[in-house]
Amino acid sequence: MEDSLTTIAVFQYSSEALIIKGKLESENIRVFLADEYTVDTDPLVSNAIGGVKLQVNTAQVEKAKSIIKSIDASLLKEEVVCVKCKSTNFKMRLVFKNFILKLIPLNGQFEYRCLDCNTNFKAKELL
Ligand SMILES: [Zn+2]
């Protein structure tokens, strides 16, 4: 039995991670969010500690990944590389089209920022 946890996605804010967590849990996958409360306590530290890590049991990694892929493959940490320098060292955030919809997470779009060359690039629309 594998009891170790594997990080499969990283989010700047816990609200973003909770969207994916809810989806995975609806498919009977147990999800752990590392540093969720640290980031909630002070969102400014998110960048310093590497964001909220979405983790699943190592034994469930493949199932979890396939579910996330069915939503948006670019949400998976290792599926994304910088469009400019191919780095995988980036942070991710959910960008909303306007402030009224900021309360409704379904209209968000994930955007990445490469930490090596500072290029911003977008993921596909969520849902
Ligand atoms: Zn880059």
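The expected span of a helix is 1.5 Å times one less than its number of residues. The model discussed here is predicted.

Q: How far apart are the end C-alpha atoms of H1, and what span should its 13 residues have?
A: H1 holds 13 residues, and at 1.5 Å a residue they should span 18 Å. The separation of the end C-alpha atoms agrees with this, as it is also 18 Å.

Q: How many helices and strands does the protein have, and in what pattern do they follow along the sequence?
A: The secondary structure comes to four helices and six strands. Read along the sequence, the pattern is β-α-β-α-α-β-α-β-β-β.

Q: Which element has the lowest mean pLDDT?
A: For the protein, the mean pLDDT is 77, and 74% of the residues reach 70 or more. Where pLDDT is low, the predicted coordinates should not be read in detail. Among the elements, E2 has the highest mean, 93, while the lowest, 66, belongs to strand E6 (residues 120–125).

Q: Which strands lie at the edges of the open sheet?
A: Three strands form this sheet in the order E1-E3-E2, with antiparallel pairing. An edge strand pairs on one side only, and that holds for E1 and for strand E2 (31–34). The edge strands are therefore E1 and E2.

Q: Which residue of E3 is the bridge partner of Ala-9?
A: E1 and E3 pair in the antiparallel sense over six bridges. Ala-9 has its bridge partner in E3, and that partner is Leu-54.

Q: Which strands does H4 touch where it packs on the sheet?
A: H1 lies across E1, E2 and E3, and runs at about 165° to E2. H4 also packs on the sheet, with a direction that makes about 20° with that of E1. The strands that H4 touches are E1 and E3.

Q: Why do the buried residues of H1 line one face of the helix?
A: The buried residues of H1 are Ser-14, Glu-16, Ala-17, Ile-20, Lys-21 and Leu-24. Seen down the helix axis, they fall within a limited arc, so they line one face. On the other side of H1, Gly-22 and Ser-26 are exposed. The arc that holds the buried residues is 150°.

Q: What arc do the buried residues of H4 cover around the axis?
A: In H4, the residues Ala-64, Lys-65 and Ile-68 are buried. They are on the same side of H4, because the arc they cover is only 100°.

Q: What covers the buried residues of H4, and which exposed residues are on the face turned away?
A: The cover of the buried residues includes strand E1 (5–11), helix H1 (14–26) and strand E3 (52–57). The face turned away from the buried side carries the exposed residues Glu-62, Ser-66 and Ser-70.

Q: Is Ile-67 buried or partly exposed?
A: Ile-67 has its place in helix H4. Not counting residues up to four places away in sequence, Ile-67 touches Lys-23, Leu-24 and Glu-27. A residue needs 20 or more other C-beta atoms within 10 Å to be buried. Ile-67 has 17, so this residue is partly exposed.

Q: What distance separates the C-alpha atoms of Ile-67 and Lys-23?
A: The two residues are 44 residues apart along the chain. Their C-alpha atoms are separated by 8.3 Å.

Q: What share of the 127 residues is buried?
A: Among contacts with a separation of 6 or more, 61% come from residues 24 or more positions apart. Of the 127 residues in the protein, the buried ones make up 25%.

Conventions
Residues are numbered from 1 along each chain as its sequence is written. This is a predicted model: local features need pLDDT of at least 70, side-chain atom pairs count only at pLDDT 80 or more; totals for chains, interfaces and linings use all residues. A residue is buried if 20 or more other C-beta atoms lie within 10 Å of its own, exposed if 12 or fewer, and partly exposed in between; C-beta atoms are placed from the backbone. Helices (H or I, at least four residues) and strands (E, at least two) are DSSP runs, numbered from the N terminus. The arc is that of the directions from the helix axis to the C-beta atoms. Two residues are in contact if their C-beta atoms, placed from the backbone, lie within 7 Å. Two strands pair if DSSP finds at least two bridges between them. Axes are lines fitted to C-alpha atoms, for helices over the stretch in contact, and angles run from 0 to 180 degrees between N-to-C directions. pLDDT is the predictor's confidence in each residue, from 0 to 100.
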